[in-house]
Amino acid sequence: MRLTATTTWLLALLLVGMGGCNQPRFGTPQDAYTSFHRLVKRGELRAAWGALSQPTQEALTKRAQAVSDASGGAVKAEPLGLFFANVPPPPDVTEVSLVREAGNEATVLVRSSGNTHEVRMVREPSGWKVDLSASLQP
């Protein structure tokens with residue numbers, strides 16, 4: 001069987017399209033949460049850190065510095081390590097649905113292994129991000 005030029009072209013487009021299926025996407029709150037979860041699950045922690053909102057990153061950076069200061073410098077002020085260290089892999093997510101969206105803020109409902117919780121999302125110039133800043137307040 002001989003492939004025609006059209007068939008070869010369609011096959012190439014299909015392969016390119018499939019290659020992008022697991023790429024992080026931040027165009028919607030649901031996609032952004034799903035991408036964050038997938039990055040954490042795969043251990044791509046630097047990329048997962050980038051999926052957190054600026055206020056979340058700032059709060060974690062302050063917390064890491066406080067831990068370092070309290071230890072007299074024995075613990076390095078590494079917020080990425082502090083946030084992701086000794087954390088078991090997250091359970092598989094079965095559904096992420098939009099609860100509400102208003103302007104640059106949204107809430108998604110995350111279902112996994114019989115658990116359900118809401119997660120706040122914020123839109124930043126680079127796309128939607130997971131915002132945990134309220135839960136990080138002392």
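**View 1. Helix α2, residues 29–41, in a predicted model.** Helix α2 has 13 residues and reaches 18 Å from its first C-alpha to its last, close to the 18 Å expected at 1.5 Å a residue. The expected span is 1.5 Å times one less than the number of residues. Helices (H or I, at least four residues) and strands (E, at least two) are DSSP runs, numbered from the N terminus. This is a predicted model: local features need pLDDT of at least 70, side-chain atom pairs count only at pLDDT 80 or more, and totals for chains, interfaces and linings use all residues. Residues are numbered from 1 along each chain as its sequence is written, and side-chain values use heavy atoms, without hydrogens and water. Gly-43 follows α2, with a positive phi near 80 degrees.

**View 2. The buried residues of α2 and their cover.** Pro-29, Ala-32, Tyr-33, Ser-35, Phe-36, His-37 and Leu-39 are buried (under 20% relative accessible area, 1.4 Å probe, protein chains only). Their cover includes the helices α3 (45–50) and α5 (79–84). It also includes β1 (95–102), β2 (105–112), β3 (115–124) and β4 (127–130).

View 3. Ala-32 counts as buried because its relative accessibility is 1%. Beyond its neighbours within four places in sequence, Ala-32 is in contact (heavy atoms within 4.5 Å) with Arg-25, Phe-26, Met-121 and Trp-128. Met-121 lies 89 residues from Ala-32 along the chain, yet their C-alpha atoms are separated by 8.4 Å.

**View 4. Ser-35 in α2.** Ser-35 sits in helix α2. Its relative accessible area is 4%, so Ser-35 is buried. Leaving aside neighbours within four places in sequence, Ser-35 is in contact with Gln-23, Pro-24, Arg-25 and Phe-26.

How values were computed: Buried < 20%, exposed > 50% of the residue type's maximum accessible area, 1.4 Å probe, protein only.
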